[in-house]
Amino acid sequence: MAPVIARERIQVVDARNRPCGSAWRSQMRRMGFWHRATYIVVRNSRHELCVQRRTLTKEVFAGGIDLAAGGVVAAGEAVHQSARRELAEELGISHEPLSHVLDFTYCEDGHHIFGSLFTVSFDGHLSLQPEEVADAWWMSIDEALALDEVTPDTRLAVSLLRDCEHARAGESVVCVSS
């Protein structure tokens with residue numbers, strides 16, 4: 001199946017994360033524009049992480065494993081609104097309180113992302129968006145990070161989350177928010 005690129009306007013930002021216009025998603029990908037994206041780590045009461053298999057029609061990292069829900073911030077959309085929208089669309093989770101953890105940058109292989117990482121606790125039924133999520137299951141953060149096919153941006157996001165949680169627990173780890 002060929003990748004599908006949604007026809008939507010994306011918030012474009014400069015190298016300091018200041019809004020500087022918008023672009024079609026396909027143009028943003030082709031030109032490698034800086035943009036914003038949300039990453040929502042979903043954990044259950046056993047502290048397990050919701051791990052998702054991306055569909056084969058995703059425009060980037062098709063068939064890969066995501067360790068967070070989320071996506072690109074639309075033009076004119078606030079980051080926290082984008083996080084809520086993406087979480088509801090991809091996993092059917094709405095009305096649960098989100099916690100903003102940190103912001104980071106991901107800049108590899110033509111991707112230029114200012115990421116905002118959120119967490120949410122959820123023990124209910126997941127309703128997967130068939131266009132984007134092929135499967136979902138629960139596992140520990142360490143087990144999830146050890147998987148081979150994890151998308152590099154969600155691996156970074158969850159690694160930063162784990163490091164921050166270790167730092168808060170008194171371990172000697174530095175928590176950085178860019």
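This report describes the fold, the surface and two residues of a predicted protein model.

Local features need pLDDT of at least 70, side-chain atom pairs count only at pLDDT 80 or more, and totals for chains, interfaces and linings use all residues. Residues are numbered from 1 along each chain as its sequence is written, and side-chain values use heavy atoms, with hydrogens and water left out.

## Overall fold

The protein has four helices and nine strands; helices (H or I, at least four residues) and strands (E, at least two) are DSSP runs numbered from the N terminus. Their order along the sequence is β-β-α-β-β-β-β-α-β-β-β-α-α. The radius of gyration is 16 Å, close to the 16 Å from the globule rule for 178 residues, so the protein is as compact as a globular protein of that length. That radius is taken over C-alpha atoms, and the rule is 2.2 Å times the number of residues to the power 0.38. Along the principal axes, the C-alpha atoms fill a box of roughly 40 × 35 × 35 Å.

Among contacts with a separation of 6 or more, 61% join residues 24 or more positions apart, a contact being heavy atoms within 4.5 Å.

## Surface and charge

Of the 178 residues, 46% are buried (under 20% relative accessible area; exposed is over 50%, partly exposed in between; 1.4 Å probe, protein chains only). The accessible surface is about 9000 Å², and carbon and sulfur atoms hold 51% of that area. These areas come from the Shrake-Rupley method with a 1.4 Å probe; for residues, only the protein chains shown count as cover.

There are 18 positive and 25 negative side chains, with the centres of the two sets 7 Å apart. Lys and Arg count as positive and Asp and Glu as negative, without His and the chain ends; each charge is placed at NZ of Lys, CZ of Arg, CG of Asp or CD of Glu.

| Residue | Relative accessible area |
|---|---|
| N44 | 6% |
| L91 | 0% |

N44 sits in the loop between β3 (35–43) and β4 (49–54). Its side chain makes a polar contact with that of E48 at 2.8 Å (N or O atoms within 3.5 Å; within protein, one able to donate a hydrogen and the other to accept it, with residues adjacent in sequence counted only if both atoms are side-chain atoms). Not counting residues up to four places away in sequence, N44 touches F122, D123 and W138.

L91 belongs to helix α2 (residues 79–91). With the same exclusion of residues up to four places away, L91 touches V42, C50, Q52, A69, E86, L126, S127 and L128. The C-alpha atoms of L91 and A69 are separated by 7.6 Å, and the two residues are 22 residues apart along the chain.
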